[in-house]
Amino acid sequence: MRADDERSPAWPLLRQLTRDRYALGAAAQSRKTASLEPRTATADTIVRSVCPYCAVGCGQLAFVKDGKVVQVEGDPDSPVSRGRLCPKGSATRSLSESPLREYKVKYRRPYANAWEELDLDKAVDMIADRVIATRAQTWESANDKGQPLNRTLGIASLGGATLDNEENYLMKKLYTALGVVQVENQARI
Amino acid sequence: MPGLGASFGRGGATTFQQDLQNADCIVIMGSNMAENHPVGFQWVMEARERGAQVIHVDPRFTRTSAMATRHVIIRPGSDIAFLGGIVNYILTQGKWFDEYVKAYTNASAIIDERFRDTDDLDGVFSGFDAKTDNYDLASWQYEDLSLKGAAGRRMGPSAAGLKEETHPLSPREEAAQKRLLEHGKPPHYDPTLQHPRCVFQLLKKHYARYTPEMVERVCGTPQADFLRVAETLCANSGRERTSAFCYSVGWTQHTVGVQYIRAAAIVQLLLGNIGRPGGGILALRGHASIQGSTDIPTLYELLPGYLPMPQAEHVDSKTYLEKGTAKHGLWGQMPSYFISLMKAWYGEKASAASDWCFGYLPRITGNHSTFPSIMGMLLGNVKGFFVVGENPAVGSPNSSLHRRAMANLDWLVVRDFFEIESASFWYDSPEIETGKLRTQEIKTEVFLLPAADHLQKSGSFTNTQRLLQWHHKAVEPEGDCRSELWFYYHLGKRIREKLNGSAEARDRAVLDLTWDYPTEGALDEPDAHAVLREINGWGMDGKALPSYLKLKPDGSTACGCWIYCGVFKEEQNQAARRKPGGEQSWVAPEWGWAWPSNRRMLYNRASADPSGKPWSERRRYVWWDAEKKKWTGEDVPDFTEDKSPDYVPPEGAHADDALDGQSPFILQGDGKGWLLAPDGLVDAPFPAHYEPEESPIPNALYGTRANPVRERWPSANNPYHPAPGEPGAGVFPYVVTSYRLTEHHTAGGMSRTVAHLSELQPEMFCEVSPELAAERGLENGGWATIVSARTAIEARVLVTERIPDYVIEGRQTHVVGLPYHWGSRGLTTGDSVNDLWVISTDPNVHIQESKAASCDVRAGRRPRGKELTALVNDYRRRAGLPVEE
């Protein structure tokens with residue numbers, strides 16, 4: 001189609017009458033559109049992914065160029081989704097690049113009326129300190145019958161159904177070792 | 001998912017989405033599949049194009065209804081009456097699949113003579129203790145044989161959050177607990193199904209009152225419509241034909257949610273539709289890995305692979321394993337699963353000498369689910385809180401209570417892509433607007449840590465059909481964005497560094513943990529493959545194990561989650577397999593990996609008759625190859641590969657060996673599908689219809705109005721609407737339900753923040769019938785205020801005939817429909833529907849009732865600030881409830 005257009009530049013109407021009756025090809029093309037290429041064709045790599053929204057588990061192809069995801073499409077190889085995505089799955093790149101996305105740690109002191117910036121490593125360190133302190137302060141080693149409890153009810157966690165299995169595994173493993181039992185996720189909500 | 005677990009043995013969808021194409025009839029209830037699982041719905045359309053009947057039973061006419069061959073209306077909160085009506089129809093019209101029922105269900109088992117039905121006791125079963133509102137389950141058991149449920153309340157009442165059973169066991173009960181199956185059979189059973197105390201006869205009696213007339217009275221479904229559904233379903237089930245059920249949270253979010261699923265399980269077992277192509281029950285889950293987060297649970301009562309969390313009375317591993325290990329079926333190998341988990345977590349430190357580090361594990365003593373945790377925050381007992389990819393400030397029922405709870409914490413860590421409402425409640429919540437909370441008085445220290453998205457990390461999701469699919473990292477995360485794998489790994493490392501050298505006994509559990517994963521790249525991202533490999537497990541030689549059958553109780557194997565064992569078979573990440581669907585059979589066994597052992601359809605031994613031959617050529621799937629002496633077929637057999645159909649267990653056989661060659665439900669204590677659940681569920685052995693916590697309608701079936709063992713948290717901030725007949729009951733006259741839209745996702749954190757999706761569904765709205773609009777002066781496109789005793793919210797009005805009016809007991813009953821995606825932040829904002837609900841939950845799984853309640857509706861926008869409090873107080877006063885300051 002493009003080659004054809006380049007060889008015989010003619011008025012669109014003429015092109016339509018002679019070669020492209022429904023004006024779906026050459027007749028609707030300009031030199032500029034003829035030179036356009038889809039992002040899927042110019043990507044450096046294609047990475048197999050899975051839609052992050054509901055649990056149908058549609059296959060996704062992430063097209064990457066210069067270290068950026070330039071397009072996300074349905075994976076036609078998936079026997080579950082056969083290349084299709086719904087409006088949410090189709091908006092995956094917009095989710096990833098949303099203007100509302102946070103890229104920096106935000107910190108609010110007790111009683112403060114505004115956020116502050118905080119270094120990520122410092123944040124992890126402060127959180128570790130708080131886990132250790134709260135755990136020590138609220139530790140229950142046994143109940144009044146003398147049976148072991150080995151736990152803290154001073155800390156709780158919520159979330160997991162949007163995460164990877166490997167992430168849930170590390171969460172449960174660490175929480176259990178710390179004696180945190182109030183671990184919950186969207187499965188109940 | 002104890003509804004499926006208690007019926008069949010495993011808490012997962014029994015089938016897979018592609019198998020829907022084989023169905024002769026598909027019933028979709030409690031789900032708007034076309035709009036909420038649109039891509040999965042293509043398999044329903046495939047079936048319809050092949051001539052299948054597609055029935056949508058739903059309170060609203062949606063796009064699922066539009067694509068179905070039939071839409072039938074049902075009042076929100078009445079599905080057990082409808083399904084009970086189908087059971088009644090099957091039993092009175094002789095439509096059950098007799099050979100299947102006799103061979104594969106517990107229909108013939110004889111139940112304890114003390115058992116009494118809701119029929120006898122006006123809405124409660126035997127064992128009910130009105131003082132504690134709990135059941136003692138002993139009288140629901142088989143006569144002289146006590147079986148454990150494969151799911152749910154396996155470890156006794158305190159795991160379910162109930163009070164201890166206090167009654168001492170009688171000698172007969174004690175004997176029943178020790179007794180084994182006799183050559184695969186319970187001690188008392190009647191193969192003719194005639195004994196008055198056999199499950200089949202009890203079932204018949206229980207559902208005798210669920211007549212088509214009763215269905216119409218309770219559900220508002222015209223009898224003719226109901227009968228057509230029952231006829232169609234039965235005509236498309238049996239030896240030659242199969243029917244499937246699809247459900248979603250329209251079934252689970254009720255105070256009797258587990259029993260909704262149980263009711264469907266009974267229908268499907270009677271019709272012979274489980275374990276066969278085109279049959280099954282497909283649970284449609286709403287998050288990418290909600291199944292995975294139950295299998296590898298971020299849930300309080302479970303360890304990975306549905307192992308129960310230890311309780312205080314389990315003083316050592318012996319008492320824990322004695323309590324949890326079943327006599328028969330796969331749970332007979334629980335010591336292998338548990339000890340392998342402890343080896344994965346504590347490595348060399350876990351040995352017989354150290355009691356497998358059992359002493360390191362924390363113990364539960366009741367219900368530690370999210371609602372008691374919130375109450376603990378309000379009391380100041382819970383001081384620190386992690387919120388990880390969830391948004392309780394919008395997504396949890398009576399959200400105001402959750403926001404106030406978070407305002408009473410010492411510290412809060414929110415990990416998300418966005419500054420969601422759960423991170424910003426301290427300055428922009430509705431409570432700030434009404435003056436109930438003041439920023440300068442909120443002590444909570446808040447850390448908002450940006451998260452990496454799925455394109456920026458590698459890992460696996462487990463989808464709705466138990467299928468693990470690996471997603472590969474496409475790009476590096478930007479700025480401070482990190483995966484949860486990174487955050488928890490490095491947090492754990494930091495805590496261990498700080499505790500290093502500690503002499504405190506409690507710190508040994510942290511310091512002895514195996515916590516050393518390889519990392520990669522500039523960000524030190526843990527290698528997700530290494531974590532998956534630990535989940536899979538390894539043997540003495542360090543090689544990845546191929547199957548859970550290889551796990552040992554002697555410490556020679558390590559495995560992080562026994563049901564996922566095999567996902568790293570042959571040192572290959574099986575979840576990353578991507579053989580195109582077009583290049584393999586329709587079952588597509590080489591795409592990803594399904595638990596257990598890559599079986600795509602559970603209980604598939606039931607696709608063959610007792611002798612091992614397919615029930616019909618049209619529905620052949622897995623069968624016994626007599627020459628090769630093994631099971632074979634389209635899928636991996638969900639059965640011991642070489643156990644012949646005529647295998648009879650020898651005396652004293654244990655675990656899987658105790659089940660005969662004709663028992664497809666291999667996790668169940670008797671290998672059968674449970675029509676009656678003698679154990680596992682705390683609220684009923686048979687589903688009974690109860691009204692929702694808040695319903696303007698009395699219970700037409702029993703004197704007991706609502707589930708007598710539902711969980712409630714009465715308080716000034718969580719007041720319950722008066723029940724019908726109580727003073728003030730008329731203040732909230734309408735039924736209200738909630739749901740999702742195609743363009744948004746749950747509490748909106750991943751959709752209100754996306755431009756395209758916000759543009760497609762830009763505003764909160766309510767759906768009302770023309771009659772209700774006329775009654776309350778609502779105008780299409782105008783505003784309405786929806787009021788409960790918790791708060792009032794506003795929404796644009798959509799007047800539509802898609803919401804029918806119901807005639808219940810001769811009274812016109814209006815229904816209000818509300819999509820629940822909105823909150824105060826994002827590109828599109830609006831009031832949150834979850835602010836309306838009260839917290840009242842199912843006693844088995846602690847899921848709140850947010851699909852059926854009562855409300856009032858008024859024209860116009862809601863008042864702001866203190867005037868909003870005044871409006872709600874006016875309603876509370878009229879309803880006889882305490883007012884809020």
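Predicted model: local features only at pLDDT ≥ 70, side-chain atom pairs only at ≥ 80, totals over all residues.
Trainee: Are the residues of strand β1 of chain B buried or exposed?

Mentor: Five of the five residues of this strand, residues 25-29, are buried, so β1(B) is largely enclosed by the rest of the structure.

Trainee: Which strands do bridges join to β1(B)?

Mentor: Strand β6 of chain B, residues 243-247, runs parallel to β1(B) and is joined to it by four bridges. Here Ile28(B) stands opposite Cys246(B). Strand β2 of chain B, residues 53-57, also runs parallel to β1(B), with five bridges between them. In that pairing, Val27(B) has Ile55(B) as its bridge partner.

Trainee: Which residues touch the most other members of the largest nonpolar core?

Mentor: That core has 313 residues, and those with the most contacts to other members are Ile26(B), Val87(B), Val199(B), Ile786(B), Val816(B) and Cys855(B). Helix α13 of chain B, residues 257-270, gives the most to this core, with 10 residues.

Trainee: How should I read a helix, and how many residues of helix α20 of chain B are buried?

Mentor: An α-helix has 3.6 residues a turn, so residues three or four places apart point the same way. In helix α20 of chain B, residues 421-428, six of the eight residues are buried, so the helix is largely enclosed by the rest of the structure. The buried residues are Glu421(B), Ser422(B), Ala423(B), Ser424(B), Phe425(B) and Trp426(B). Among the elements they pack against are β4 of chain A and β10 of chain B.

Trainee: How many residues of chain A are in contact with chain B?

Mentor: The size of an interface is often given as the accessible area lost when the parts come together. Counted by residues, 100 of chain A are in contact with 134 of chain B. Helix α8 of chain A, residues 165-178, gives the most to the chain A side, with 13 residues. By class, that side has 51 nonpolar, 27 polar and 22 charged residues.

Trainee: In what sense do β7 of chain A and β10(B) pair?

Mentor: They pair in the parallel sense, over four bridges. In β10(B), Phe386(B) stands opposite Ser157(A).

Definitions and conventions. Residues numbered from 1 in each chain as written. Chains lettered and ligands numbered in written order. Buried ≥ 20, exposed ≤ 12 C-beta atoms within 10 Å, placed from the backbone. Helix = DSSP H or I, 4+ residues; strand = E, 2+ residues; numbered from the N terminus. Pairing = 2+ DSSP bridges. Core = buried A, V, L, I, M, F, W, Y, C linked by C-beta atoms within 7 Å. Contact = placed C-beta atoms within 7 Å. Nonpolar A, V, L, I, M, F, W, Y, C, P; charged D, E, K, R; others polar.
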